[in-house]
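We will go from one stop to the next.

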Amino acid sequence: MGSFELGGKVYQTDEDGYLANIDDWNMEAAGYLAKDEGVDMTDAHWEVVNFLREYYEEYKIAPMIKILVKAVGKKLGAEKGNTKYLYELYPGGPAKQACKIAGLPKPTGCV
Amino acid sequence: MANEKKSKTPMLDELESGPWPSFVKDLKNLAKKKPEIGQVLEQLEDSYETKTNHWLGTVLNLDGYGGGVIARYSDVQNRFPLAAQFHTIRIIEPSGWFYNTAALRQLCDISEKHSGGILQFHGMTGDILMLGSNNEKTYTAGEELMENGWDIGGSGPALRTLACCVGPAYCEMSCFDTLGLTKFITDTYISELHRPELPYKYKFKISGCANDCANSIQRSDMPIIGTWRDKIQVDQKEVAKFIKENGEDYVIDNVITRCPTKCIKLEKKKIKIDDSNCVKCMHCINVMHKALKPGKDRGITILLGGKRTLKIGDTMGSVLIPFMKADTKEDWDKIIQLVRRIWDFWGEHGLDHERVGEFIDRVGLGTFLDGIGVEPDPQMVKHPRSNPYIKFEEYTAPRIAGEPKESPNVVSKETEGDEVAV
């Protein structure tokens with residue numbers, strides 16, 4: 001368990017730095033988490049994070065990677081609809097880094 | 001012995017007794033150099049006592065990789081702080097598990113330097129496992145492995161590290177180049193291996209013949225097994241020699257009567273085989289390996305759907321492609337294309353954590369074959385020769401897309417005369 005403080009607000013996290021409470025999430029927190037992961041957020045990065053949050057809001061679960069790949073391809077063009085593009089944005093893996101920055105729960109072990 | 005210090009691991013100590021090798025003995029030895037191993041043992045002792053598993057899974061990836069590290073945290077790290085992180089790195093093994101000693105020494109060195117100094121040859125999937133790195137050392141281990149030409153294996157909903165038997169490199173039974181095909185598929189689909197994008201895991205295991213030394217039929221989603229479609233090669237001179245050495249009774253008891261389809265017989269001290277009824281089980285060839293050999297027109301059978309219990313119980317692979325040649329690059333390309341079609345269809349319609357065998361079970365083989373563009377074949381049965389009843393059913397619209405037909409066209413036979421309808 002850990003926590004970080006941002007603008008006077010304390011955010012609880014788990015031992016890997018994922019937000020303990022998804023409702024705590026905001027742009028500043030996302031910025032902090034991205035910095036912590038060494039990711040420089042561009043519009044392309046935000047597209048993915050926003051998609052993850054929308055999906056989570058609707059289905060209460062992180063999307064399967066193939067759904068994410070397809071959604072990105074649809075939105076940004078077929079040449080970006082592959083895992084390679086996602087790993088260029090998030091070298092640590094979309095499941096791990098993008099979900100973390102989006103404030104989603106940590107993916108479980110043997111996924 | 002009264003003042004000897006009381007062992008912290010009395011239950012584990014029991015596993016040191018007996019003449020066989022003991023992991024406890026080895027790890028205790030290792031703990032002298034690496035104190036974290038001592039704490040891992042103490043934690044295991046606690047697990048034995050409390051019947052509780054203290055490892056928690058988490059996600060840890062090397063940059064650019066979506067899998068390959070099996071990350072484990074201890075949930076009792078306040079008591080065993082040195083064992084707090086104990087991750088496993090999967091490493092792609094060479095085809096057929098052949099190493100020279102220098103390669104093994106190199107792996108040992110990297111393991112001692114960056115992880116717990118424990119290696120597993122090999123994990124259930126077939127790859128090399130390097131156990132005991134913490135967060136930071138997982139990265140340094142990964143870097144050093146890659147600098148030396150090793151690559152990280154698969155985990156998660158991805159293509160998993162392939163494995164094959166020793167094949168033609170060391171075995172006279174092998175019906176095709178298992179080693180080459182394994183490398184070819186690995187190279188072609190390396191992105192799918194490193195970056196998960198499938199509904200769930202997809203394993204290949206490749207065996208040169210039906211002896212299936214790679215355990216493909218039980219342990220892989222897509223077993224590829226060597227076979228032949230002409231006649232078993234019989235050398236009657238060697239048959240005579242075998243009979244002379246072992247006696248006729250031995251041949252009858254151990255070969256003839258053990259043929260599952262009773263297609264082999266001994267006539268005037270000569271072996272006769274009804275090849276049209278042979279199911280290529282390899283038994284007679286194994287026993288009389290000098291006298292009998294697989295046929296000359298060799299190829300592969302591709303199966304689908306082996307797995308351990310998940311959504312449905314344990315399954316073994318069943319036949320998808322009864323026979324195809326696998327000699328040339330063009331043949332191998334056909335396998336690659338088939339795999340792509342399967343991934344596209346299963347990837348599109350498969351549920352989260354649904355293996356391909358379970359997917360077929362859910363949507364039906366007809367729908368699946370339609371989806372991947374393969375013609376149905378009578379050999380696509382789970383248990384050949386075990387079901388005397390045949391049901392003809394007109395194939396209806398796929399159950400997973402669109403509306404099904406109002407009523408399936410089932411062709412049924414009217415009950416005739418005094419026959420009793422069951």
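**Stop 1: helix H13 of chain B**

Select Val356(B), Gly357(B), Glu358(B), Phe359(B), Ile360(B) and Val363(B): these are the buried residues of H13(B). Buried means that 20 or more other C-beta atoms lie within 10 Å of the residue's own; exposed means 12 or fewer, partly exposed lies in between, and C-beta atoms are placed from the backbone. Helix H13 spans residues 356–363 of chain B and is mostly covered, with six of its eight residues buried. Helices (H or I, at least four residues) and strands (E, at least two) are DSSP runs, numbered from the N terminus.

The buried residues of H13(B) pack against strand S13 (298–304), H12 and helix H14 (365–372) of chain B. Then click Gly364(B), which follows H13(B) and has a positive phi near 95°.

A note on the model. It is predicted: local features need pLDDT of at least 70, side-chain atom pairs count only at pLDDT 80 or more, and totals for chains, interfaces and linings use all residues. Residues are numbered from 1 along each chain as its sequence is written, while chains are lettered from A and ligands numbered from 1 in the order in which they are written.

**Stop 2: the largest nonpolar core**

Which residues touch the most other members of the largest nonpolar core? Select Cys164(B), Ile206(B), Ile224(B), Met288(B) and Val356(B), out of 55 residues in that core. Helix H12 (residues 329–349) of chain B gives the largest share of this core, six residues. Domain 2 (163–228 + 299–372) and domain 3 (233–293) of chain B both contribute residues, so the core lies between them. A nonpolar core here is a set of buried Ala, Val, Leu, Ile, Met, Phe, Trp, Tyr and Cys residues joined through C-beta atoms within 7 Å.

Zoom in on Ile206(B). Among the residues it touches, leaving out those up to four places away in sequence, are Leu162(B), Cys164(B), Leu181(B) and Ile224(B). Contact means C-beta atoms, placed from the backbone, within 7 Å.

Another core, of 43 residues, lies apart from this one; Leu68(A), Ala98(A), Val59(B) and Leu131(B) are among its members.

**Stop 3: domains of chain B**

Colour chain B by domain: domain 1 (10–147), domain 2 (163–228 + 299–372) and domain 3 (233–293). The bounds come from an automatic or database domain assignment. Nine residues from domain 1 of chain B and 14 residues from domain 2 of chain B make the contact between these two. The C-alpha centres of domain 1 and domain 2 of chain B are 29 Å apart.

**Stop 4: Asn61(B) and chain A**

Show both chains. Here 18 residues of chain B are in contact with 20 residues of chain A.

Where is Asn61(B)? Look in the loop between strand S1 (55–58) and strand S2 (69–74) of chain B. Asn61(B) touches Gly92(A), Gly93(A), Lys96(A), Gly66(B) and Val69(B), not counting residues up to four places away in sequence. Asn61(B) is buried, because 27 other C-beta atoms lie within 10 Å. Draw a distance to Asn135(B): 9.7 Å from C-alpha to C-alpha, across 74 residues of sequence.

**Stop 5: a hairpin**

Select strand S10 (residues 264–267) and strand S11 (residues 270–273) of chain B, antiparallel and joined by four bridges. Strands pair if DSSP finds at least two bridges between them. Lys265(B) stands opposite Lys272(B) in S11(B). Two residues lie between the strands, and Lys268(B) takes a positive phi near 50°.
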